[in-house]
Structures are given as C-alpha cells and as structure tokens.
Amino acid sequence: MIIIGEKINGSIPAVAEAIAARDAEFIKNRAKIQAEAGATYIDCCASVPEEVEVETLKWMIDCIQEVTDLPISVDSPSARVLAEVIPYCKKPGLVNSVSGEGDKMDVIFPLIADTKWEVICLLSDDTGIPKSAEDRLKVFDKVMEKAQRYGISPSRMHIDPLVEMLCTSEDGIAMNVEVISTVRKRYPNIHITAAVSNISFNLPVRKMINLGFTVLAMNAGLDSAILDPTNRDMMGVIYATEALLGEDEYCMEYISAYREGFFGPKK
C-alpha cells in the first residue's frame, strides 16, 4: 500500500497554529514521525489564502526536507500554486491534485509530462462530484484521454473516486467499490487512492468505520491511501489485508512491519 501521510495539513487546527507562528520544529516533527511510521509520501497542505500559499508551502516544504528524504505530496486546490511550488521539491513526488474541473489538467499535465512526478486525479468536473458510478467513470475516461495526450502513463496516476460520508449514503460504499473495481480492471497498473477518513465524518467511533472501509476498498483494488501512518491499528489492518489478499508472499511484509514496530504493542 502506498501511504500518503496526512498529518501536515493546515485544516488541522494544531497545524494551522504552527503555520501561523512559523513553528518549524512542529512541522519537522510531524514529518519525521510519519516517515518513521512507514509513510511513502509526506503530504504538505497549507490551507491558507491563495495570495500567501506559495510562500507558505515553500517554507513547509523546506521544513519537511530538512528531516526526511521521502518525496512530498504537494497539496493545493489551485493548479497554478502547485505549478509554482513543484520546483522547490528536491525530488519528484506527488501532485495533489488535478480533476476535470476547469483547466487544471492542462496546467499540471504538461508540467510533469517528462518527469517522474506522479499525480492524484479526482473524479469530479465543472458540474461538481458526480452522484453515480457511471458518471464518475465518464470523468475518469476524460482524465485518461487527457493524460494519454500528454504522455503520462497510468502507472504515474493515482485515481481518487472521491469518498463521501457514509451517513449520507444510500448504498453504503457500493458506488465506490464499483468505481474502484472498474478502474482497476481497465488499468491494472494504475494507482487508486482515497482519503479514507472521509467515510466516517459525523459518525461515532470513526476509527471502526475507517478500518472497515479500508479493508473493503483494498479488496476492490485500492492500493494508495491518504491517512495517518502513526495510527498503529490502521497500519496493522493494511499489512494484514495485503497478506490476506495474497499480495504479501509468505506474510513476510506483515512480519517485518510488526518487528519494526509499525503496528502491534508499543515497544
């Protein structure tokens, strides 16, 4: 599983306070603990007004790169902000994100076409978030057509089906499962990602819903997730599910992760 560490995001009150105070040690510590917990990427989201977003993200990226060599997931709703901050990263990472909205793909895709950068693609467009699996897959087709035009291979793309709150869903996660499994069937080497905690908003004991969703989504084809890698229960479930799905020969990754302390009793 590709783990995109979510803990450096200005929408989190403690992170917002650190950004406002320019508390570099706070940002560095959050990057370090996520790296040590097994993250693949460190997400970096400022959640500040766009006029100060580039400068803020540059400062945050510098903090992260001081303490870890992990690639960064540069995160902003503005494609033009993303385009400006990408050069500040020392190595190719993950662009978070583009969608079928406006000209986002036309801004980002040519910029990363001849690089090793990967990109998260949301299945939404100018009409918003489609309500059906069929309509989300229509957006997916348009995204893939555009990516092919710019020479971006499926293996560099992380498709986000846009997980919404379970408590307002009429069919549980059936639509997400349909989208994930269809995308996986069409493009076996593409990545499929999700912000797994979105599923449990406004529900009690959210971690139980998050854990259950992660297992079901992985079974459908999810291989990338935006989550808290320091959550030992979640990391244990991910390693266990990979083993159960036959993706971990002789359970060696599961055993190694346990020995390294990614989950299980704290050492």
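**Grounds for the terms used**

Q: Where does V74 lie, and what makes this residue count as buried?
A: V74 lies in strand 3, residues 72-75, of a model that is predicted. Burial requires a relative accessible area under 20%. V74 has 1% relative accessibility and therefore counts as buried.

Q: Which residues are in contact with V74, apart from its neighbours within four places in sequence?
A: Contact requires heavy atoms within 4.5 Å. With those neighbours left aside, V74 is in contact with C44, I61, L82, V85, I86, C89, L94, V95, N96 and W117. As for G264, which is 190 residues away along the chain, its C-alpha atom is separated from that of V74 by 31 Å.

Q: Why is T241 called buried?
A: T241 has its place in helix 9. The limit for burial is under 20%, and T241 stands at 5% relative accessibility, so the residue counts as buried. Its contacts, leaving aside neighbours within four places in sequence, are V215 and M218.

Q: Why is E25 called exposed?
A: E25 is found in helix 2, residues 24-36. A residue is exposed when its relative accessible area is over 50%. With 53% relative accessibility, E25 therefore counts as exposed. Between E25 and N219 there are 194 residues in sequence and 38 Å in space, C-alpha to C-alpha.

Q: What is the strand order of the sheet, and which strands stand at its edges?
A: Eight strands form an open sheet with parallel pairing, in the order 7-6-5-4-3-2-1-8. Strand 7 (191-192) and strand 8 (224-227) each have a single partner strand, so one side of each is left without a neighbour in the sheet, and these two stand at the edges.

Q: How do you know that strand 6 and strand 7 pair?
A: Pairing requires at least two bridges between two strands. Strand 6, residues 157-160, and strand 7 have two bridges, in the parallel sense. In one of these strands, strand 7, H191 is the bridge partner of H158.

Q: Which strands does helix 5 touch where it packs on the sheet?
A: Helix 5 (residues 104-112) touches strand 4 (94-100) and strand 5 (118-125). The direction of helix 5 makes about 140° with that of strand 4.

Q: How many bridges join strand 1 to strand 8, and how many join strand 1 to strand 2?
A: Strand 1, residues 2-5, is joined to strand 8 by four bridges, and these strands run parallel. In strand 8, S224 is the bridge partner of I2, and I226 is that of I4. Strand 1 and strand 2 also run parallel, joined by two bridges; here G5 stands opposite I42 in strand 2.

Q: What makes both faces of strand 8 count as covered?
A: S224 and I226 on one side, and A225 and L227 on the other, are all buried. In strand 1, I2 and I4 point one way while I3 and G5 point the other way, and all are buried. In a regular strand, side chains alternate between the two faces of the sheet.

Q: What volume does the largest pocket have, and which residues are closest to its centre?
A: The volume of the largest pocket is about 940 Å³. Of its 41 lining residues, E6, N9, A195, N198 and I226 are the closest to the centre. Two or more lining residues come from each of strand 2 (41-45), strand 4, strand 5, helix 8 (206-220), strand 8 and helix 9 (232-244). By class, this lining has 15 nonpolar, 14 polar and 12 charged residues.

Q: What volume does the second largest pocket have, and which element gives the most to its lining?
A: The second largest pocket has a volume of about 300 Å³. Of the 15 residues that line this pocket, K131, S169, E170, D171 and M175 are the closest to its centre. Helix 6 (133-149) and helix 7 (174-186) are the elements that give two or more residues to this lining, and helix 7 gives the most, with three. The lining has six charged, five polar and four nonpolar residues.

Key
Residues are numbered from 1 along each chain as its sequence is written. This is a predicted model: local features need pLDDT of at least 70, side-chain atom pairs count only at pLDDT 80 or more; totals for chains, interfaces and linings use all residues. Side-chain values use heavy atoms; hydrogens and water are left out. Axes are lines fitted to C-alpha atoms, for helices over the stretch in contact, and angles run from 0 to 180 degrees between N-to-C directions. On a 1 Å grid over the protein atoms alone, a cavity is a set of points where a 1.4 Å probe fits but cannot get out, and a pocket is an open set with protein on both sides within 12 Å along at least five of seven lines; lining residues have an atom within 4 Å of a point. Grid points are joined across faces, edges and corners, and a volume is the space filled by probe spheres set on the points. Ala, Val, Leu, Ile, Met, Phe, Trp, Tyr, Cys and Pro count as nonpolar, Asp, Glu, Lys and Arg as charged, and the others, Gly among them, as polar. Buried means under 20% relative accessible area, exposed over 50%, partly exposed in between (1.4 Å probe, protein chains only).
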